[in-house]
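Hi everyone, thanks for making time.

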Amino acid sequence: MLRWTAAHVLTFLFFLLFVAFLVYCLYIKYRHIKYDHIPGPPRDSFLLGHSPSFLKVMRNGGIVQDKLLEWSETYGPVYRINIFHFVLIGVTCPDTTKVNIYLFYHMLHKHQCKGHQKNPIPFINEVREACRLLRATGAQWIHDRKTAIQNGDDVPKDILTQIIKTAGQDEELMVDNFVTFFIAGQETTANQLAFCVMELGRHPEIMEKVKKEVDDVIGMKMDIRYEDLGQLTYLSQVLKETLRLYSTVPGTSRDILEDMVIDGIRIPGGFTCMLSSYVAGRMEKFFKDPLIFDPDRFHPDAPKPYYCYYPFALGPRSCLGQNFAQMEAKVVMAKLLQRFDFTLVPGQSFDILDTATLRPKGGVLCSIRHRKHSQ
Ligand code: HEM
C-alpha cells in the first residue's frame, strides 16, 4: 500500500493549486473571448488586465477618472476594461446611461467591514480597521440615543433618531444606515463647496454676479427662508456647474445580467457597467469647451443635458440626500457670500485629489474679510 509522506502531501497540494490556477486562467481566457470584440485599451497583463494602468495613475497622484476620460475619448462611447476575470464596460452613450443607471444594484459595505482575519495587504487592514471604528462609533451613538429615547429625554429630530425609529429592532440595519449617511452626507457637500469657492475665487466676474443676486434676494437677513432659495437661480447654476466639472462622487456602477446592444455592439450579460458623471461632464461632445467654468450652461432657458450630467446618479439607488444637499450647499454659499469677501491666497493649486470622492488637492486657502453692510 502507498504510504503518504509529508513530501507526497506537499506535492499533491502544489499540484492541486497548479490545476486550480490553470482552471482560473482558462476562465479568464473565456471571459476575454466573450468580451474582446468590444473596443478597449490593450491589457497590461493577461492576469491583471488593466489594473496596472490604474495603479500607475494612483501612484503618480493622478485621477483614475481622467484615465477613463482618455479611454472614452480614444475608444468611443463603449469601451472594455479587464481586471482579473472581471469585465467592466465604460459607457458614455446617453441612451444607455438612461437605461442602465435606473437598474438596481447592491451596496456591499456591510461585508467589507466585517472580516476579522488579517489580510496580507496592509492597506486592506487599515481600511478594515477604519470601517470597524466607524461601525463601533455608530453602534455607540445609536445605543446612547436609544437610551435617551427610552428615558423620555428631549432628543433632536435628526437623521439618527429617524434611523432608529425606522429600523425596528434590527441593530445591524441601524449601523448600516448610520455608516451610509456618515460617509455619503458629509464630505460630498463639503467638497462641492470647496470647489465652488475655488472657482469663484478664480472668476471674480462670476463671484460679483452671484454676490449681487444674494444681496438682491436676501440682503442682510439673518435667516434664509425656503422661498428665498428658489429665487437664487444664478447661485443654483454656479453649484450645478461646480458639480459638472468636479463631480465629487465621480462615478457609479450597475451590474448588468442580461445581454445588451450598446451603440451597435452586442454585449453579453454578466458585466459591470461603469457610469461617470465626471467623464461625461468633461467631454467636448456633451459640453462645449468643457474645462471652462460657465454657470450659464445651466441657465433655465439653456437646453437640459441629456443623460450626460448625473452627479447624484439616477434611479432607485440615486442619492437619497440630493435635495437636502442642494439646499444645504445653497444656504452655506449664500451665507458666505452675504457676509464675506474672499480671495484665493496666491499659489492656489487647481488640481484634484482622487480619494474615490474628489476634493481640491491641498485644500482651498482664502483671505477673507467681513463685507461692509453698505456694499
Ligand atoms: C454634493 C453632495 C452629494 C453628492 C454629489 C452625492 C452623490 C451621491 C451619489 C452619486 C450616490 C450613489 C448613487 C448610485 O450609486 O447610484 C449617492 C448615494 C447616497 N447619498 Fe449622496 N451625494 C451628496 C450628498 C448627500 C447627502 C448630504 C446625503 C445625506 C444627508 C446623502 C445621502 C446618500 C445616501 C443615503 C446614498 C445611498 C443611497 C442608496 O444606496 O440607496 N448624499 N450620493
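A word on domains before anything else: their bounds come from an automatic or database domain assignment. Here that assignment gives domain 1 (115–184) and domain 2 (186–246 + 317–375). The C-alpha centres of domain 1 and domain 2 lie 30 Å apart.

Some housekeeping. Residues are numbered from 1 along each chain as its sequence is written. What you see is a predicted model, where local features need pLDDT of at least 70, side-chain atom pairs count only at pLDDT 80 or more, and totals for chains, interfaces and linings use all residues.

Now the overall picture. Along the principal axes, the C-alpha atoms fill a box of roughly 100 × 60 × 40 Å. The chain has 14 helices and ten strands; these are DSSP runs, H or I over at least four residues for helices and E over at least two for strands, numbered from the N terminus. For residues 6–27, UniProt carries the annotation "transmembrane region", from an unreviewed entry. UniProt positions are in the numbering used here, feature names are shortened, and annotations may be inferred rather than shown by experiment. In the model, that span is 100% helix and 0% strand, with its end C-alpha atoms 31 Å apart.

On to the ligand. How many residues surround the ligand? The shell has 21 residues, and the closest are A184, G185, A313, C319 and G321; to belong, a residue needs its C-beta atom, placed from the backbone, within 6 Å of the molecule. Two or more residues come from each of α8 (171–185), α9 (187–202) and α14 (322–339), and α8 has the largest share, with four. Each of the two domains, domain 1 and domain 2, supplies at least three shell residues. By type, there are eleven nonpolar, nine polar and one charged. In that count Ala, Val, Leu, Ile, Met, Phe, Trp, Tyr, Cys and Pro are nonpolar, Asp, Glu, Lys and Arg are charged, and the others, Gly among them, are polar.

Let's stay with C319, which UniProt lists under "binding site", again in an unreviewed entry. C319 sits in the loop between α13 (277–281) and α14. The cut-offs are 20 or more other C-beta atoms within 10 Å for buried, 12 or fewer for exposed, and partly exposed in between, with C-beta atoms placed from the backbone. Leaving out residues up to four places away in sequence, C319 touches F312 and A313, where contact means C-beta atoms, placed from the backbone, within 7 Å.

Finally, the inside. Of the 375 residues, 27% count as buried. The largest nonpolar core has 25 residues, and V210, V214 and L235 touch the most other members. Such a core is a set of buried Ala, Val, Leu, Ile, Met, Phe, Trp, Tyr and Cys residues joined through C-beta atoms within 7 Å. Two or more of this core's residues come from each of α9, α10 (204–218), α12 (233–245) and α14. Apart from this core lies another, of 24 residues, including I38, L68, Y278 and A280.

That's my tour, and I'm happy to take questions.

Notes: Two residues are in contact if their C-beta atoms, placed from the backbone, lie within 7 Å.
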